[in-house]
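Hi everyone, thanks for having me.

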Amino acid sequence: MRLLITGGAGCLGSNLVEHYLPQGHQILVIDNFATGRREVLPELPGLTVVEGSVADRELVDSIFARFAPTHVIHSAASYRDPQDWREDARTNVTGTINVVEAARRAEVERFVNFQTALCYGRPERVPIPIDHPMRPFTSYGISKTAGESYLALSDLPWVSLRLANISGPRLAIGPIPTFYTRLKAGQSCFCTDAVRDFLDMSDFLEIVDLVLRDDAPTGLFNVSSGEGHTIKDVFDAVAAHLDVVPAEPVPIVPCGPDDVPAVVLDPSHTERALGWRAKVGFSETIKRMLCWYDAYGVSAIYSHLRPARANA
Ligand SMILES: NC(=O)c1ccc[n+]([C@@H]2O[C@H](COP(=O)([O-])OP(=O)(O)OC[C@H]3O[C@@H](n4cnc5c(N)ncnc54)[C@H](O)[C@@H]3O)[C@@H](O)[C@H]2O)c1
């Protein structure tokens, strides 16, 4: 493959680079390093890194002209500042349109997009089936849903994977790195009463392998274990791993205003269509993540959500 990975310096993107580069594929990454880091992509034969934004149409077109990708993984996304609607729209809507249009002209063989579970908004039922109505209500969710909708409007051979919380090398968002960092520093923690589904990186990489194949079905797929776990379950796993016994029970507070109490994706359509099923269970997923932090540490923590209040 000649593989273009947008947002390739991010968590998922850099894991994809590490997965596909050793297999001999040519890879070009475009990233503006808004939340990704240049240093996670070392200079290696077969890897080209371009600093810039997918919102820059001329740059995107010149990359397609020069690199001529056969496959695209669109992983770039803006979410860092929930108030910065314009940047979310520039990256997640205009940027996606730029990459989709260029990919159409280049007649790429596969276009793989990643979508947030926030596209479903506050779900009517959990686990959330793939045909659940989309009612996003955050800037990130709204703009990502618009981007995915433009992709769906195209005649590309496209796949959009609606992802559970993927954990693996360089994860710097969400409860696992937050609890790990705070408990290690002897700081207090609180849990929201939210329920989430967690997926190990190896299961994620396996489904990306599958959907990049020319003969794989196209369309929308939920990517999840289908199992919900509370944030308190994550806290307990981190505390046990670090041998921390909190003096007081950890406070459990209601979700913040733009959070969703329960997000668990129903993967049954994906399992039927692709023959894929998550293999790594919750405890092992969290354990692998924590062992990685033990070895490499936690980098900056970003969130697309406004913080829940400990005294709410
Ligand atoms: N990690 C998950 O569990 C998860 C869950 C649901 C959806 N997703 C989606 O997966 C994709 C990757 O997420 P991630 O967790 O790796 O996040 P991430 O922040 O680590 O990666 C996103 C990358 O996009 C880059 N970027 C941002 N704006 C850009 C722009 N205008 N042009 C070029 N690059 C830009 C960032 O610098 C970063 O390297 C995103 O599309 C996200 O919406 C991830």
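So, the ligand: 28 residues surround it, and the closest are Asp 31, Thr 35, Tyr 79, Tyr 140 and Lys 144. Being near here means that a residue has a heavy atom within 4 Å of the molecule. Keep in mind that this is a predicted model, where local features need pLDDT of at least 70, side-chain atom pairs count only at pLDDT 80 or more, and totals for chains, interfaces and linings use all residues. Residues are numbered from 1 along each chain as its sequence is written, and side-chain values use heavy atoms, with hydrogens and water left out.

What is that shell made of? It splits into 14 nonpolar residues, twelve polar ones and two charged ones. Ala, Val, Leu, Ile, Met, Phe, Trp, Tyr, Cys and Pro count as nonpolar, Asp, Glu, Lys and Arg as charged, and the others, Gly among them, as polar. β5 gives the most, three residues, while α1, β5, α4 and β7 each supply at least two. These helices (H or I, at least four residues) and strands (E, at least two) are DSSP runs, numbered from the N terminus.

Now the polar contacts, meaning pairs of N or O atoms within 3.5 Å; within protein, one must be able to donate a hydrogen and the other to accept it, and residues adjacent in sequence count only if both atoms are side-chain atoms. A side-chain N or O atom of Lys 144 is 2.6 Å from a ligand oxygen. Cys 11 uses a backbone N or O atom, 2.7 Å from an oxygen of the ligand. For Val 54, a backbone N or O atom sits 3.0 Å from a ligand nitrogen. On its own the ligand has 810 Å² of accessible area, and the protein covers 94% of that. Those areas come from the Shrake-Rupley method with a 1.4 Å probe; for residues, only the protein chains shown count as cover.

Next, look at Ser 14 in helix α1. Is Ser 14 buried or exposed? Buried, because its relative accessible area is 1%, and the cut-offs are under 20% for buried, over 50% for exposed and partly exposed in between (1.4 Å probe, protein chains only). A polar atom of the Ser 14 side chain lies 3.2 Å from the backbone oxygen of Cys 11.

Last stop, Trp 85 in helix α3. This one counts as exposed because its relative accessibility is 60%. A polar atom of its side chain lies 3.4 Å from the backbone oxygen of Pro 82.
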